[in-house]
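Subject: Structure for you to look at

Hello,

Here is the structure I said I would pass on. Please open it first and keep it in view while you read the notes below.

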Amino acid sequence: MRCVESPQTKRLRLIDFYLSFFGKVNRSDLIQHGDIAVATASRSFNAYKERFSENTVFNESLRAYMRSASFSPAFEHDPEAALRLIAWGQELNSIPVTTYGVSSFATVLDSLSIDIVSQVTRSILNKQSISVLYSSSTSTETRTLTPHSLFKGLGAWHIRAWDSKRRKFLCFRISRILKAEQTNSLYDKTIEDDALWNRDVVLSVAPHSKHENRNDLAIDLGMEGQYVRNITTNEALAGFVLNDLNVDCTPDASLPPHAFNLQLMNRHELEHINSIQALVPGFIQNKDEKA
């Protein structure tokens, strides 16, 4: 268990966190994480500079402290926390109260490298491409990626990125990035160019028709009084959503209803969507879409 940190140490850790995963930090960043005055934020930056002088360079035009070329993290950081903050703006804090819940079930977790997550997040925020060594199901090769978004699906963190070699947008699992380094190239493609990311689809799901307690299942799923729920997502993520919800997407609802509580009702409208073909039970794998 980590010792309780002083407020000043927490602020120094936060500065270091921003430099690690954002590449820069200013007083507003500190202020928005806590009810502190401008003077307190300034003192924290001065303290950080005194202790870790090689880690920052002040940028006059941006009025921000930048990560230096010789930067080395002064604190340990949780890469999951960085991804949650950048993806959803969520900050997790623990409160010292008596608790009654089970901490967690046994799961197989992604192994996230702080250095690689840092490279990925800074490339998104600073709109720069990264060169990565990526291990896919078929090969391990160097790719130049320009990521624009983060998401979590299939129990793992992914980026949506333009692959310069394949000349298309694909989804890449962060834990399969073995090496990563920044390039000097700015984005040659942006989120506005990603047609599948910007095109919405509706997934109509219902309690599985072959489940013997369909009414109870509807209640369990928060669908009491209705048997069809429409979920809106984009084409790139449709397969991830259906997979994570354990939706039976077979034409004849042939998957076990106790394992797949939901059934896809508008399959005929979605058969052309590559992410569904590649990832969802009941559809044939489409290797071209799989990163």
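Helix H1 is mostly covered, with 11 of its 15 residues buried. This is a predicted model, and the values below were computed from it. The buried residues of H1 run through Arg11, Leu12, Arg13, Leu14, Ile15, Asp16, Phe17, Tyr18, Leu19, Ser20 and Phe21. Just after H1 comes glycine 23, which takes a positive phi of about 90 degrees.

Now the aromatic rings. The structure holds 12 aromatic pairs. In one of them, phenylalanine 17 and phenylalanine 21 have ring centres 5.1 Å apart and planes at 55 degrees, so this pair is tilted. Planes under 30 degrees apart would count as stacked and planes over 60 as edge-to-face. Why are these two residues about one helical turn apart? Phenylalanine 17 and phenylalanine 21 are 4 residues apart in helix H1, which covers residues 7–21. An α-helix has 3.6 residues a turn, so residues three or four places apart point the same way. Both phenylalanine 17 and phenylalanine 21 are buried. Ring pairs also link Phe17, Tyr18, Phe21 and Phe22 into a cluster.

A second pair is made by phenylalanine 45 and tyrosine 65. Their ring centres are 4.6 Å apart and their planes are at 15 degrees, so this pair is stacked. Phenylalanine 45 lies in helix H3 (residues 38–51) and tyrosine 65 in strand E3 (residues 64–67), so the pair ties together parts that are 20 residues apart in sequence. Phenylalanine 45 counts as buried at 2% relative accessibility, and tyrosine 65 counts as buried at 13%.

Which residues of H3 are buried? They are Thr40, Ala41, Ser44, Phe45, Ala47 and Tyr48. Seen down the axis of H3, these buried residues fall within an arc of 160 degrees, so they line one face of the helix. The face turned away from that buried side carries the exposed residues Arg43 and Glu50. The cover over the buried residues of H3 includes H1, strand E1 (24–25), helix H2 (27–32), strand E2 (56–59) and E3.

Next, the cysteines. How many disulfides does a search of the whole structure find? The search finds 0. For cysteine 171, the closest cysteine sulfur is in cysteine 249, 17 Å away, which is too far for a bond. Cysteine 171 counts as buried at 10% relative accessibility, and cysteine 249 counts as buried at 0%.

Lysine 189 lies over the face of tryptophan 162, at 5.1 Å from the ring centre. Lysine 152 lies in strand E5 and, at 38% relative accessibility, counts as partly exposed. Leaving out residues up to four places away in sequence, lysine 152 touches Glu80, Trp88, Trp157 and Asp244. Lysine 152 and phenylalanine 240 are 88 residues apart in sequence, with their C-alpha atoms 8.8 Å apart in space.

Is glycine 155 buried or exposed? At 54% relative accessibility, glycine 155 counts as exposed. Its place is in the loop between strand E5 (140–153) and strand E6 (156–163). Glycine 155 and alanine 253 are 98 residues apart in sequence, and their C-alpha atoms are 24 Å apart in space.

Last, the whole protein. There are 10 helices and 12 strands. Of the 291 residues, 44% count as buried. The C-alpha atoms fill a box of roughly 65 × 50 × 30 Å, taken along the principal axes. Among contacts between residues at least 6 apart in sequence, 61% join residues at least 24 apart.

Regards

How values were computed
Residues numbered from 1 in each chain as written. Predicted model: local features only at pLDDT ≥ 70, side-chain atom pairs only at ≥ 80, totals over all residues. Heavy atoms only, no water. Phe/Tyr/Trp six-rings, centres within 6.5 Å; stacked < 30°, edge-to-face > 60°. Buried < 20%, exposed > 50% of the residue type's maximum accessible area, 1.4 Å probe, protein only. Lys NZ or Arg CZ within 6 Å of the ring centre and 35° of its normal. Arc of directions from axis to C-beta. Contact = heavy atoms within 4.5 Å. Disulfide = S-S within 2.5 Å.
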